Amino acid sequence: MHFERAHRHTWRKIKSGLASTIAFVSALLVITPLSLVFFHLVVNGAGSVNWDFFTKLPAPVGAAGGGMVNAIVGSLELLALAGAIGIPVGVLGGVYLAEYGSARINSVLRFLADVLNGIPSITWGVVVYGLVVLRLKGFSAYAGGLALSLIMIPLILRTTEEVVLLVPNGYREASLALGVSRWKTIVHIVMKTASKGIITGILLALARVGGETAPLLFTAFGNRFWNHSLSQPIAALPLQIFTYAISPYDDWHRQAWAGALVLVTGVFCVNVIVRILTRGRAASVV
Amino acid sequence: MENLIVTTPERTVMEHVDQPVEPPPADESVPACTFQVKNLSIWYGEKRAIDNVTLDIASNAVTAIIGPSGCGKSTFIRALNRMHELVPKTRVEGTVLLQGEDLYLNDVDPAIVRRRVGMVFQKSNPFPTMSIGENVVVGLRLNGVRDRKFLNERLEKSLRMAALWDEVKDDLHKPGTSLSGGQQQRLCIARALAVEPEVLLMDEPCSALDPIATAKIEELIYELKARYTIVTVTHNMQQAGRISDYTAFFYIGRLIEIGPTTKIFTNPTDRQTEDYITGRFG
């Protein structure tokens, strides 16, 4: 009797140990690729990240040096275009889902947004290629920004909806009971209370599309020089990395590594900003 | 009717400053009524929450609504400023007259009803993104008042009326949520008073507060009734006895009895009222 009890006890201990080990190893497996990627980028790219990289146009094949300033600026321009379309549509759509509409229509819209979130990003490139590029007979920054914004909209919509739903009903009631209209209550009370969460969603969406390459292949196309008009092809960091990485030249490979390092650092910084913004989130409700 | 429809911020702002809300009635034998509720029934979907209630609510007095949980107390006072409409699929029958004007006519904007009939909730809910001062004047600001001097005057006046001025006058820029529970509730009262309503509805305003904070709110209610008609829901019968002039007892959506508080508590007409007040159920 005694022996059997002790035996069971040991077996339980083993099971418990096993479970926590598996969990630990899984956690390690999650972190490993990230550290490996970062390590590789630093080793291969850090040497080429210098002042020239941020200030000079790409050098012709064979010529040493050169940079990616046009691609960095191009990426920022594309993000601005994408944000100009994607942020208002996504935020207002999310507010609509959370505050208006009937339950049935909203669940349909929510489902569609989730499906959109799952669509491979190259599809958006093809869609915009068909809708805009073919019709206007040319690749352009507008087309690239539109493709990116279409990826952003469902992302922002869903995060906005979630944080707006987190705002306690008491605040809506308090505002309405003061004789404030529904619209003003939503803008000045609900969205203001949820603003940190909404901004977080926007930043994460920008970080996500900032690294997108596929949708830009058919739309923004890339450009080795400065873009002088948004209706012309424009360079973007991920596109430039792609072009350089598949090239046969060692110089370009080094530039691609540097570009990737800059891009990943940028995304990393945005995530850090998000962490800082959402710090003490539990205390401030949303 | 005109009053309800064409109310502008100027009217809310200017008209009711420093004057009693309602002139005394010509006929002194009948107390003036702020609300006249006639055959009011309210449904949430298929469920009837209020069943054919008829009562008058006296001006410049405190009316307490008592009754066991689920008896329709909250629904009833929310119907007095149309807040119950926030729940989808509500349906109303009967009339609610505020100073003789029907709140439920088609062309009445609920926002304007709510400017005239303010509300304080069970859980204090100062806006977390705003300072103490911003919380008090937010109703005026969002209704279009821009005049800084006026806002500052109203800020101080409302906080004084809510007996909170002395405690927060040096901390007006601090977040509203930094105050204690009782102070937050008084801040919410100040916020409701700042838009100069005629009536103050209170939905169990003390149920989340400790006894000392409760005593302060009760004292405040007593002082406020000189200027406002107050309707309060309470679970606490001793509180109803302390603060109210009239008490209405609700049970399963029906009004069982309404009368002067002293009478309801000492000599109720209805058997159910007596059973509830003596604690036989509830």
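**Domains, chain contacts and a hairpin**

Chain A splits into two parts, domain 1 (2-48) and domain 2 (52-277). The model is a predicted one. Taken over C-alpha atoms, the centres of domain 1 and domain 2 of chain A lie 34 Å apart. Where these two domains of chain A meet, seven residues of domain 1 are in contact with eight residues of domain 2.

Next comes the contact between the chains. Here 17 residues of chain A are in contact with 21 residues of chain B. On the chain B side, the elements that give two or more residues are α4 (110-116), β6 (117-120), α5 (132-142) and α8 (181-194). Helix α4(B) puts in the largest share, four residues.

Strands β1 (residues 33-44) and β2 (residues 47-58) of chain B run antiparallel and are joined by eight bridges. Within this pairing, L40(B) of chain B sits opposite V53(B) in β2(B). Two residues lie between the strands of the hairpin, and G45(B) takes a positive phi near 60 degrees there.

Note on methods:
Residues are numbered from 1 along each chain as its sequence is written. Chains are lettered from A and ligands numbered from 1 in the order in which they are written. This is a predicted model: local features need pLDDT of at least 70, side-chain atom pairs count only at pLDDT 80 or more; totals for chains, interfaces and linings use all residues. Domain bounds come from an automatic or database domain assignment. Two strands pair if DSSP finds at least two bridges between them.
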